[in-house]
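User: I am new to reading protein models, and I would like to go through one slowly, feature by feature. Could you help me with that?

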Amino acid sequence: MRRLLTLLWALCLLVLLAACGKQTPPQVPSIPGDPAPEVPADPEEGYTVYDCGGTEIALPTEYMDQLIVETDFPDAKDSWKPLMSVYERASVEAAEEAWGDSMGTGFLFGFLAMDRAGYEQFLYMDAPNMEIIAVEGERYYACTFPTDVQFYRAGGIDMESEDWKDWETLCQLRETVPEDMIRRNELTPYNSAEFFSKSFTWEGNHTYLQFRFSGEYGQEYQTVLVLSQPVRQGEGGIWCVDRWMHEGANPIVYFPDSGLPAAEYYARLQAACDKGEQTELLTPAGAAAAFTRDYFGTEPAEDGLRSLDAEEEARAVADLRLREFVTKIRTGEAVDGMELLECLSRVGEDNWASLDLGMFGLEDDWWPGFLTALENAAIGENQQARDRNIMCFYRTIRDGPSQYVEAVAALLREQREADGAAFAAALDSLSPEERTDLAAALKT
């Protein structure tokens, strides 16, 4: 965990999430009077170009007087290397005058580069304040940004002022500068949507174990561990935790915090097991116990690890696939409507509810496209099954946010109107209690 904490701290320094200026992270540039580093300007293109460790990053020269640009990160490691941080000079100067220290105020955007191991830790953190924009071989490039507005003036924010309009113009550089950086360095555009559109990191065999443990104050926690065989399938292949899910939370991707790419790390463990070392990794239970000791710092109790029954496993699979479907729909990838409905009919209530808490760091912007996919899937062949799946889905979300409940209730009424006989048959297949849960949705 120590390496991961170091990466998290470095990220926090880079993106400067001091929303209200209450904290003073080290290494924050608080020298608004210092000139920007001397770099060559291209008068034909109108850019000031910075050489950031071999990566050229260009900023429009017309805005340079309004910016403070930081490119010197002497303690950075190649595995997680900040390249540039850009601030609005006026906000920095105003914060300096008000507090004696800018405390990260004025941060607009930045860039960092990471190797494969660093990228895997990014996937694990799923940080909402950065996105991968490009790749070059095994080197990944990210754009970083604050998660709140870092604009500051002593009199507050006046959205009609020229200062605010200037700020909005500078914020737009976050869209154009990365595009120029990719072209200028001949990088390959890249994002992590493909990775998150998969239910598993490692293809092949998978199994599920529940890990139950007591918290600091005696509270019981239940976590589903999803295990895969990352190197060799079948007998003799090691197992590893691929993803894990706290009760009521979204799936969390897991990569070992070893400083090595996971594939290399697991290949070394497999070689060790082949020599008779660390043989506990050859069983799912042994690998799960090793994970809980390393990650949670606790030895599982005798009854603390158990395999899921068929119904629990179906729900765990659906919870994993829910994130997969959301990612695919958001990125415009086609999904099979019936597969989507079958997944939703099994999704756990707590897992679905957690979507509204900002899954993917996106808050609610995934919902319109998701609803469109539901509408497209609601009517079609095998209508009775479609009806029953949405009935089950409605029961899952009936106590959730009204925008979901009302939209799905409307779909149920459309299904009833489209094929009353199929709808009645689907309704009859439910228990009296389940039918009661649907009563509110079916009122006209």
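User: In which sense do strand E6 and strand E8 pair, and over how many bridges?

Analyst: Strands of a sheet pair through backbone hydrogen bonds, either parallel or antiparallel. This is a predicted model, in which local features need pLDDT of at least 70 and side-chain atom pairs count only at pLDDT 80 or more, while totals for chains, interfaces and linings use all residues. Residues are numbered from 1 along each chain as its sequence is written, and side-chain values use heavy atoms, with hydrogens and water left out. Here strand E6 (residues 107-114) and strand E8 (residues 139-144) pair in the antiparallel sense over five bridges, and Leu112 has Ala142 of E8 as its bridge partner. Strands and helices are DSSP runs numbered from the N terminus, with at least two residues (E) for a strand and at least four (H or I) for a helix, and two strands pair if DSSP finds at least two bridges between them.

User: What is the order of the strands in the open sheet, and which strands stand at its edges?

Analyst: The open sheet has six strands in the order E4-E5-E6-E8-E7-E9, with antiparallel pairing. Strand E4 (67-70) and strand E9 (188-189) stand at the edges, and each has a single partner strand, so one side of each is left without a neighbour in the sheet.

User: Which strands does helix H3 lie across, and at about what angle does it run to E6?

Analyst: For such angles, axes are lines fitted to C-alpha atoms, for helices over the stretch in contact (heavy atoms within 4.5 Å), and the angles run from 0 to 180 degrees between N-to-C directions. Helix H3 (residues 116-125) lies across E5, E6, strand E7 (130-136) and E8, running at about 130° to E6, whereas helix H2 (residues 89-99) lies across E4 and strand E5 (80-88) at about 80° to E5.

User: Which residues touch the most other members of the largest nonpolar core?

Analyst: In soluble globular proteins, nonpolar side chains tend to be buried together. A nonpolar core is a set of buried Ala, Val, Leu, Ile, Met, Phe, Trp, Tyr and Cys residues joined through side-chain atoms within 4.5 Å. The largest one has 41 residues, of which Met114, Phe122, Met130, Leu225, Leu227 and Tyr266 touch the most other members. Apart from it lies another core, of 37 residues, among them Leu341, Met391, Leu427 and Ala441.

User: How many residues of strand E3 are buried, and how many bridges join E2 to E3?

Analyst: Strand E3 (residues 55-60) is mostly covered, with five of its six residues buried. Six bridges join strand E2 (residues 47-52) to E3, and the two run antiparallel, with Pro60 in E3 as the bridge partner of Tyr47. In their hairpin, which has two residues between the strands, Gly53 takes a positive phi near 60°.

Methods: Buried < 20%, exposed > 50% of the residue type's maximum accessible area, 1.4 Å probe, protein only.
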